[in-house]
Amino acid sequence: MYGIMFEDINHSGDGGIYAELIQNRAFQGSTEFPSTLAPWEAVGNAKLSLQNNTVPLSSALPTSVNVAQGAGSKAGGVIGLQNPGWWGISVKPQTYKGSFWALGSYKGQFTAKLQSATTSHVWASVDIKSECHQGKWVEHKFQLNAQVAAPDTNNTFVLEFHTGQGSVNFNLISLFPPTYRDRPNGNRPDLMNGLKGLKPSYFRIPGGNNIEGDTFNYRWKWNETIGPLTQRPGRPGTWGYENTDGLGLIEYLQWCEDLEVEPVLAVWSGVYLNGYNNANPDVIPEADIGIYVQDALNELEFIMGDVSTEYGALRASLGYPKPWKINYVEIGNEDNLSDPTSYTSYRFRAFYDAIHAAYPDIKLISSTGDLTAISGHSGTDYHEYARPNIYAAQFGLFDNANRSHPILLGEYATIQANKADPSTPVDWSGAEPRLQYPIWIGAVGEAIYTLGAERNGDIVIGASYAPGFQNLNNFQWGPDLVSFNADPDHVAFSTSYHAIQLLSSHRYTHTAPMTSDSGFGPAFYVAGVNSGTTEYTFKAAIYNTTVPVPFNIDFEGLKQGAKAKLTVLNAPSGLSYNVAGGPNVVKETVTELAAKKGGVFSFELKEYDIAVLTTI
Ligand code: AHR
């Protein structure tokens, strides 16, 4: 039921979970976001300029930085460039792996350093013998070993060389700290551990809006996110910044392996964001849609094909002979059925028919946002951003859903607080600010919504909060599940995170039928059982009550003296939230219960409790 949705938004990828420390490492740019030197700065009397050399590093990375001696400088000095990272660099006593490509005829030593931006104290330094050859790009690799932790993240990466032998061009200047499971080109361990802690079962990738692209030719192109980093051009993401695509298709699949989760792979469905919902040429016309359908088939062959296939062989040539398995494919993101350019009239149908014919076992998911509309065409992905009251009122939303096609709750989150009128919808005009962080009453509302989904687990196949990550230094969307900055010791795992963690950590194979002498509200609950056993789970969330709610639960087959563990989460107030570096406001209470006469477990829950009772 519980999974993760990921797209590069809020610098969740570049500058986020993707562990690359250097911001703008390869001067990637586009018409939308032209190549820039920022945030690089000159060191010594250097003069930095962007150049598109006649000998580029690669056609994917044509732009490099030229580092030359500035006017009036003395011979024999040191010049270079420095980078502040993604709003800081965390320095710990550990080994950092770096590399850069250089073009020039320089024959001396380069020096790479991590140093304090405030005091210039050097935390780690290494000399690297130049292997430069005139007219040829040469890769240089190095390691930086920091012995102590820097007191803050206000540190820079510096790359220097001696003057007197002409200028040097640099490109793809990269530095990685240790990554999760030591993956090369890998992810931040702190954030990956956070995801692992959620005990997720699926990973919806890549997006969100970010798969779609803003305008023609800016979609997420799987084949430009694979292979060596020198071959990845990057693209303008839909959230206001260029994506490096260092975090590409293979990295996403490795991420699934590392977290042991099922990929839900989104494929592009033939619409750019600025073509959405109007008659705009940025929707691919029916006559041309076959090109993109074939591209999706190529992507699936790349992932799943054996090495005798064209794209399976391509995967093997990149060092991955063993195929991955895809069981779920989502066609597009938020493609409204009422779109006049018509998802259903040809785009959805074209992708569905082709993928279903080639891979009949893959479950195909439409992105209609409509729970009822496409019966007979596999599943649908329903997104909802709401207020706590709205979620709490939707416990029964799926009770009468069409049983012929599954529902994925691919995105949900409480984004604004309650209003006096509980039916007040979300304000998308921008007039009402978003919540900065997920608040506890929001987590309770969301829990009621997903308990309603659990209760309908025959048809609701998964639920994922969105967005997953937020770099607090630069973000486009709040609130988010996990907020962070450059400091791994200052991650905010939100109130919603803790609620999802509790619910996700307690799985069962089947919902258990139950009878009750009271209806739902203020207590909302679901019971589950592991098939063929008396291992029961009972989950509840309590919303809007001034008095505690008594529970007396009699599980079939359990007798007096049977044991159960009751875990309850709550926070000081419904408006409590977690901040980066602050204490966790969500308090957990664990109690062991023994069944009384008749096998009844008795306990009380109070307002805004989220509780799980498991028999032991
Ligand atoms: O999660 C943020 C955005 O919300 C997603 O990109 C999009 O699918 C939805 O509109």
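In this predicted model, the largest nonpolar core holds 126 residues, and W255 and W440 touch the most other members. Leaving out residues up to four places away in sequence, W255 touches F6, I17, N187, M192, L195, F203 and L247. Another core lies apart from it; this one has 34 residues, including I22, F27, Y96 and I173.

The ligand has a shell made up of E7, G208, N209, W239, N333, E334, H383, Y385, E411, A466, P467 and W477. By class, these shell residues are five nonpolar, four polar and three charged.

| Residue | Atom of the residue | Atom of the ligand | Distance |
|---|---|---|---|
| E7 | polar side-chain atom | oxygen atom | 2.5 Å |
| N209 | polar backbone atom | oxygen atom | 2.9 Å |
| N333 | N or O atom in the side chain | oxygen atom | 3.0 Å |

The ligand taken alone exposes 280 Å², of which the protein buries 94%.

A further site is P388, which belongs to helix 7, a helix that covers residues 388–392. Is P388 buried or exposed? P388 counts as buried because its relative accessible area is 0%, and the cut-off for buried is under 20%. Apart from neighbours within four places in sequence, P388 is in contact with T414, Q416, A417, N418, I441, G442, G445 and Y543.

Key:
Residues are numbered from 1 along each chain as its sequence is written. This is a predicted model: local features need pLDDT of at least 70, side-chain atom pairs count only at pLDDT 80 or more; totals for chains, interfaces and linings use all residues. Side-chain values use heavy atoms; hydrogens and water are left out. A nonpolar core is a set of buried Ala, Val, Leu, Ile, Met, Phe, Trp, Tyr and Cys residues joined through side-chain atoms within 4.5 Å. Buried means under 20% relative accessible area, exposed over 50%, partly exposed in between (1.4 Å probe, protein chains only). Contact means heavy atoms within 4.5 Å. Helices (H or I, at least four residues) and strands (E, at least two) are DSSP runs, numbered from the N terminus. A residue is near a molecule or strand if one of its heavy atoms lies within 4 Å of it. A polar contact is a pair of N or O atoms within 3.5 Å; within protein, one must be able to donate a hydrogen and the other to accept it, and residues adjacent in sequence count only if both atoms are side-chain atoms. Accessible areas come from the Shrake-Rupley method with a 1.4 Å probe; for residues, only the protein chains shown count as cover. Ala, Val, Leu, Ile, Met, Phe, Trp, Tyr, Cys and Pro count as nonpolar, Asp, Glu, Lys and Arg as charged, and the others, Gly among them, as polar.
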